[in-house]
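Welcome! Take a moment to look over the sequence and the model, and then let's walk through the fold together.

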Amino acid sequence: MKSPMALGVTLLVLALPTAISSNAIANKSTPTQPQQTQAAIVWERSGGIAGICQRLTLRSSAAYVLEDCRKQTVVSRGNLPESDRVQLKKLLLKQYGQFQWQSSNKGADMFSDRYTLNGRGSQKPTLSEQAALNKYLTQLAGQLASQI
């Protein structure tokens, strides 16, 4: 049985204001559908002493939206810098297929991280690669938040 938090996160992801199509969620997009609107990665960090909630949605077009999901406000939006754009398209979306990751250890900071990657590749990253990707997404969210 799923926890109420996991169910809430699932419902939150399904109700994104950008309206991800059901085909994109199931990763059953057809060649006639524009890949530019599909959410390539949805990363979220919640918890901590202050009870934060950050969500970073990256599109395959390299557009991003960083939100404060606690206040339901957009913190920053735009296009990724070139180096991140190349990494997103080449390494992540073409190399890896669809998978989900969730932190298993909240650590001293009491944060809970999770993300979904909707890649078009066939590989599944190792557990250490998944954790490294979370670290990269955490740093990227911090960089994008500091640019405002």
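Accessible areas here come from the Shrake-Rupley method with a 1.4 Å probe. On that basis, the accessible surface of the protein comes to about 8700 Å², and carbon and sulfur atoms hold 56% of that area. Please keep in mind that this is a predicted model.

Now for the overall build. The protein has 148 residues, and 38% of them count as buried. Its elements are four helices and six strands. Starting from the N terminus, they follow the order α-α-β-β-β-β-α-β-β-α. Among the contacts in the protein with a separation of 6 or more, 52% are between residues 24 or more positions apart.

Next, a pair of helices. Two packed helices are described by the angle between their axes and the distance between the axes. Here, helix α3 and helix α4 pack at an angle of about 155 degrees, and their axes are 13 Å apart. Angles over 145 degrees count as roughly antiparallel, so α3 is roughly antiparallel to α4. The crossing of α3 past α4 is left-handed.

Which residues of α3 and α4 make the contact? The table sets them out by helix.

| Helix | Residue range | Residues in the contact |
|---|---|---|
| α3 | residues 82-93 | Asp84, Gln87 and Leu92 |
| α4 | residues 127-146 | Leu133, Tyr136, Leu140 and Gln143 |

By kind, the residues of this contact between α3 and α4 divide into four nonpolar, two polar and one charged.

Conventions. Residues numbered from 1 in each chain as written. Predicted model: local features only at pLDDT ≥ 70, side-chain atom pairs only at ≥ 80, totals over all residues. Heavy atoms only, no water. Helix = DSSP H or I, 4+ residues; strand = E, 2+ residues; numbered from the N terminus. Buried < 20%, exposed > 50% of the residue type's maximum accessible area, 1.4 Å probe, protein only. Contact = heavy atoms within 4.5 Å. Axes fitted to C-alpha atoms, helices over the stretch in contact; angles between N-to-C directions. Parallel < 35°, antiparallel > 145°, perpendicular 65-115°, else oblique. Left-handed = near helix turned anticlockwise from the far one by under 90°. Nonpolar A, V, L, I, M, F, W, Y, C, P; charged D, E, K, R; others polar.
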